[in-house]
Amino acid sequence: GLADLTEGFLQSDLPNTRLEIYGPGDYVKELQSIAEKDPRVFYGGMLLNTEIVGKEQEATLLVNPRPTDEEYVKYSFPSKTMEYMASGTPVLTTVLPGMPKEYYPYVFLLEDETAEGIAQALTVLLAKSGEELFEKGRLARAFVLDQRNNLVQAQKIIQMLSQ
């Protein structure tokens, strides 16, 4: 998904906007090459978790472009989405089959995973007011911390096992 995210960002007309990507992966060399040519793209390498959380909280929008056509996504829900939601920064994510629908109101959903679809979504979302984006992030954070915390989840498991 990072290649489509990067291409979508480059296709979008978003002056004064920067795409920051952190972490390892197969796409690093290509990403570094793109970043050398376009100063709006930044690859920050590996950071400590505390540094990443700080970057997440400073961002305007966090994007999880995980492709939905892979078999494994039917059975997984990425911890990255939960981490992003807990940051209080609004999240744009693909419609992951393993993500329960009760999460949908708290994230922006990326229906078209192509570079063009990502460009359009970024353009629309980044045109929203700062207050609207802040509120979406605030609600996502509250949802995760209040309704999806370890105590709530453990209680659900206990209830399931006692039936």
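Glutamate 135 is partly exposed, with a relative accessible area of 31%; buried denotes under 20% relative accessible area, exposed over 50%, and partly exposed the range in between (1.4 Å probe, protein chains only). The model is predicted, local features requiring pLDDT of at least 70 and side-chain atom pairs pLDDT 80 or more, while totals for chains, interfaces and linings use all residues. Residues are numbered from 1 along each chain as its sequence is written, and side-chain values rest on heavy atoms, without hydrogens and water.

Glutamate 135 forms a salt bridge (a side-chain nitrogen of Lys or Arg within 4 Å of a carboxyl oxygen of Asp or Glu) with arginine 138, the closest N and O atoms lying 2.6 Å apart. Both residues belong to helix H6 (residues 130-147), three residues apart, about one turn of the helix; helices (H or I, at least four residues) and strands (E, at least two) are DSSP runs numbered from the N terminus. Arginine 138 is likewise partly exposed, at 38%. In total, four salt bridges are counted. Among them, arginine 40 and aspartate 38 approach to 3.3 Å between the closest N and O atoms; aspartate 38 is buried at 16%, whereas arginine 40 is partly exposed at 22%.

Strands S3, S4 and S5 form an open parallel sheet in that order, pairing being assigned where DSSP finds at least two bridges between two strands. Strands S3 (62-64) and S5 (108-110) stand at the edges, each with a single partner, so one side of each lacks a neighbour in the sheet. Threonine 93, in strand S4 (residues 91-94), is buried, with a relative accessible area of 0%.
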